[in-house]
Amino acid sequence: MEPFFWKESYNTGIKQIDRDHRNIVEMANALYNTIHSDNGGRSAILQNCQKIVDFTEEHFSREEKYMEASDFPGMEEHKIEHDRLKEEARKLLLRFELDTPGSATGLYYVLREMFIEHIPESDKVFGEYYLSKAKK
Ligand SMILES: [Fe+2]
Ligand SMILES: [Fe+2]
């Protein structure tokens, strides 16, 4: 595991969306720090994980509202990716609650996947579409 660093290339140009993504980076690092600190007890890790899962879901629906409002043609496909990430994150949270080892780390890797694939590929495509529509 290694901490997250914000990259300029994560920016989609949609302020609210970028703010959410930055928030997710911060929450992921808080989880990272909790996992790696000596006083990072189970309940602290659980709290972190719950916050992340709740906020990520909130973020996805916010993003989908932007897509709906701008008639984004790739919305269906994008939603499928959101649903898959949501499902995976929820499953890991549940596993953590059931004390399955490695589930908090697993959640962390779902977030990494979001920043390696979903944001640079899918969110950016939407950002470009949204901004080009806003200019018209
Ligand atoms: Fe996003
Ligand atoms: Fe997205």
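This is a predicted model: local features need pLDDT of at least 70, side-chain atom pairs count only at pLDDT 80 or more; totals for chains, interfaces and linings use all residues.

Q: What about the overall size: what box do the C-alpha atoms fill?
A: Roughly 55 × 25 × 20 Å, taken along the principal axes.

Q: And what is the radius of gyration of the chain?
A: The chain has 16 Å. For 136 residues, a compact globule would have a value near 14 Å, so the chain agrees with that.

Q: How much of the chain counts as buried?
A: Of its 136 residues, 22% count as buried.

Q: Now contacts. Take those in the chain with a separation of 6 or more: what share comes from residues 24 or more positions apart?
A: That share is 70%.

Q: Let's switch to Tyr32. Where is Tyr32 found?
A: In helix 1, which covers residues 15-36.

Q: Is Tyr32 buried or exposed?
A: Tyr32 is buried, because 20 other C-beta atoms lie within 10 Å. The cut-off for buried is 20 or more.

Q: Which residues is Tyr32 in contact with, leaving aside neighbours within four places in sequence?
A: Met1, Pro3 and Tyr108.

Q: And Glu2? How many residues apart in sequence are Tyr32 and Glu2?
A: They are 30 residues apart in sequence. In space, Tyr32 and Glu2 are 7.8 Å apart, C-alpha to C-alpha.

Definitions and conventions. Residues are numbered from 1 along each chain as its sequence is written. Chains are lettered from A and ligands numbered from 1 in the order in which they are written. Helices (H or I, at least four residues) and strands (E, at least two) are DSSP runs, numbered from the N terminus. A residue is buried if 20 or more other C-beta atoms lie within 10 Å of its own, exposed if 12 or fewer, and partly exposed in between; C-beta atoms are placed from the backbone. Two residues are in contact if their C-beta atoms, placed from the backbone, lie within 7 Å. The radius of gyration is taken over C-alpha atoms; the globule rule is 2.2 Å times the number of residues to the power 0.38.
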